[in-house]
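Here is a short tour for someone meeting this structure for the first time. Have a look at it, then read on.

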Amino acid sequence: MERALRFAELGFDLAPDYWNRNIATRAATRVIDWAFAHPQIERIQAVVNKQNSGSLRVLAKLGFMIERMLPAYRVCAGEPADYFMLGLKKGSFRDIHNSL
């Protein structure tokens, strides 16, 4: 949590055997709830490989919006890869506890 900038960053990595079970969505929901319970946190951001459709889907379900593309941001499998920066403002969080 970066206090001076009033934001936190969310990241997750899940082994393929556990994909498509709502594990990342449920865990991210709890982390977001915790972060936004702190008055100083106004925004959460995430950086995701633009080819990672599963993570992008999880973040979209939670209300994250793509804010910009980061060309050749990181090396993935030995090659420069483009990433998206996504953001979620406190007032935009979609509480999906009951639907999980």
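How much accessible surface does the protein have, and what percentage of that surface belongs to carbon and sulfur atoms? The accessible surface is about 6600 Å², and carbon and sulfur atoms hold 51% of it (areas come from the Shrake-Rupley method with a 1.4 Å probe).

## What you're looking at

This is a predicted model, where local features need pLDDT of at least 70, side-chain atom pairs count only at pLDDT 80 or more, and totals for chains, interfaces and linings use all residues. Residues are numbered from 1 along each chain as its sequence is written, and side-chain values use heavy atoms, with hydrogens and water left out.

## The overall layout

The protein has 2 helices and 4 strands, arranged along the sequence as β-α-β-α-β-β. Helices (H or I, at least four residues) and strands (E, at least two) are DSSP runs, numbered from the N terminus.

Of the 100 residues, 35% are buried, that is, under 20% relative accessible area; over 50% is exposed, and in between is partly exposed (1.4 Å probe, protein chains only). Take the contacts (heavy atoms within 4.5 Å) with a separation of 6 or more: 66% of them join residues 24 or more positions apart.

## Helix H1

H1 covers residues 23-36, and its 14 residues should span 20 Å at 1.5 Å a residue, which agrees with the 20 Å between its end C-alpha atoms. The expected span is 1.5 Å times one less than the number of residues.

The buried residues of H1 are Ala 24, Thr 25, Ala 28, Thr 29, Ile 32, Ala 35 and Phe 36. They sit on the same side of H1 because they cover an arc of only 130° around the axis, taken from the directions from the helix axis to the C-beta atoms. An α-helix has 3.6 residues a turn, so residues three or four places apart point the same way. What do these buried residues pack against? Their partners are strand S2 (43-49), helix H2 (53-61) and strand S4 (79-89).

Most residues other than glycine have a negative phi. Asn 20 has a positive one, near 60°. Asn 20 is in the loop between strand S1 (7-9) and H1, and counts as exposed because its relative accessibility is 74%.

Ala 72 isn't a glycine either, yet its phi is positive, about 50°. Ala 72 belongs to strand S3 (residues 65-76) and is partly exposed, with a relative accessible area of 47%.
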